[in-house]
Amino acid sequence: MTTTTPPAATRQPPPYGITPTRILRSEWHKLRSLRSTWITLTTAAALVLGVGLIMGGTYTSGGGDSDVDIVVLTLYGSLLGHLCVIVLGILVTAGEYATGMIRSSLTAVPTRLPVLWAKAAVFTATVLTVMSTTALITFGAAQLFLHDTDQAASLTDPGVLRALAGNAVGITLLSLIALGLGSLLRSVPGAIGAFIGGVMILPEVLGMLPYETVERALVHFPTQAAGALGSATPIPGTAAPGPALLALCLWAAATLAAAALSLRHRDA
């Protein structure tokens, strides 16, 4: 009995293969299956909402906070909440090196870089969705207490919706920087230390230098740029929302580029 080979045009492709969609699905499954994901995101949302309710419930017209931007006042808990999301960003990448799972991921995707891009894409979409929803809910809940005060506002007021979105985008980009640091340093404690020291503390130290050039540069550092995005009214001494967003995107892109270069040339 003889067998014939089907023509190339009729051959079926293999049932399984590496595609961007499958890599994204894999990273989404890993992210949502970890308890730490939902614990940190829930904690971040609870901190933002809880502090927002406290600020709204204790506010009185004409008090010491009457000159504070309404979105900054409402989302003051973001100062605490974004720390949880930053830790999660580090765990998404450095956590795989700690457990050794990164070897399985890179074995399944030998080209390596699609794994990093998929992690960044899934993480960004998740954090942006959660933090945007949290910002909207917190603002609405706080206004239940502030509606009869001098801090009464609505989403249609100038700059409010932009600032709420900017707050969520700022937190997301900061956590994306943390994700890049986690991949670059491959150590959870090391990445946390690098973020706290390099992103949060270093600008404060540089701000003590009596040089105008340093002051102009500092407004484009990550935490300062993120703060400028979350205000409905301009904050003196900060960058405008457009340049602040561009600076924050460039910081995130540079960190991810360094992480990609390391992933490409270093052993797992």
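Helices are DSSP runs of at least four residues, numbered from the N terminus. The model shown in these close-up views is predicted.

Figure 1. The structure holds 1 cavity of 30 Å³ or more, and the space within the largest cavity amounts to about 60 Å³. Its lining consists of T93, Y97, I102, L106, V115, L116, K119, S183 and L263. Three helices, α4 (78-99), α5 (101-108) and α6 (113-146), each contribute at least two residues to this lining. The largest share, 3 residues, is supplied by α6. Sorted by class, the residues that line the largest cavity comprise 6 nonpolar, 2 polar and 1 charged.

**Figure 2. The packing of helices α7 and α11.** Helix α7 spans residues 160-185 and helix α11 spans residues 241-265. Two packed helices are described by the angle between their axes and the distance between the axes. For α7 and α11 the angle is about 20 degrees, and the axes lie 8 Å apart. Angles under 35 degrees count as roughly parallel, and α7 and α11 are therefore roughly parallel to each other. The crossing of α7 past α11 is left-handed. On the α7 side, the contact is made by R162, V169, G170, L173, L174, L176, I177, L179, G180, L181, S183 and L184. On the α11 side, it is made by P241, L245, L248, C249, W251, A252, T255, L256, A258, A259 and S262. This contact of α7 with α11 has 17 nonpolar, 5 polar and 1 charged residues. S183 of α7 belongs to this contact and also to the lining of the largest cavity.

**Figure 3. The crossing of helices α1 and α6.** The axes of α1 and α6 come within 9 Å and cross at roughly 55 degrees. The two helices are therefore oblique to each other. Their crossing is right-handed. From α1, the residues I23, L24, E27, W28, K30 and L31 take part in the contact. They meet P114, V115, A118, K119, A121, V122, F123 and T126 in α6. By class, the contact of α1 with α6 has 10 nonpolar, 1 polar and 3 charged residues. V115 and K119 of α6 take part here, and V115 and K119 are likewise among the residues that line the largest cavity.

**Figure 4. The largest pocket.** The volume of the largest pocket is about 560 Å³. It is lined by 21 residues, of which S78, L79, T223, A226 and G227 are the closest to its centre. Two or more lining residues come from each of α3 (70-74), α4, α7, α8 (188-206) and α10 (222-229). Helix α7 provides the largest share of the lining, 5 residues. The lining of the largest pocket has 11 nonpolar, 9 polar and 1 charged residues.

**Figure 5. The second largest pocket.** A volume of about 320 Å³ belongs to the second largest pocket. Of its 17 lining residues, K30, L34, L91, V92 and E96 are the closest to its centre. The elements that give two or more residues to this lining are α1 (20-33), α2 (35-58), α4 and α6. Among them, α4 gives the most, with 6 residues. By class, the lining of the second largest pocket has 8 nonpolar, 5 polar and 4 charged residues. K30, listed here among the residues closest to the centre, is also one of the α1 residues in the contact with α6.

Key. Residues numbered from 1 in each chain as written. Predicted model: local features only at pLDDT ≥ 70, side-chain atom pairs only at ≥ 80, totals over all residues. Heavy atoms only, no water. Axes fitted to C-alpha atoms, helices over the stretch in contact; angles between N-to-C directions. Parallel < 35°, antiparallel > 145°, perpendicular 65-115°, else oblique. Left-handed = near helix turned anticlockwise from the far one by under 90°. Contact = heavy atoms within 4.5 Å. Nonpolar A, V, L, I, M, F, W, Y, C, P; charged D, E, K, R; others polar. 1 Å grid on protein atoms, 1.4 Å probe; cavity = no way out; pocket = protein on both sides within 12 Å on 5 of 7 lines; lining within 4 Å. Points joined across faces, edges and corners; volume = space filled by probe spheres on them.
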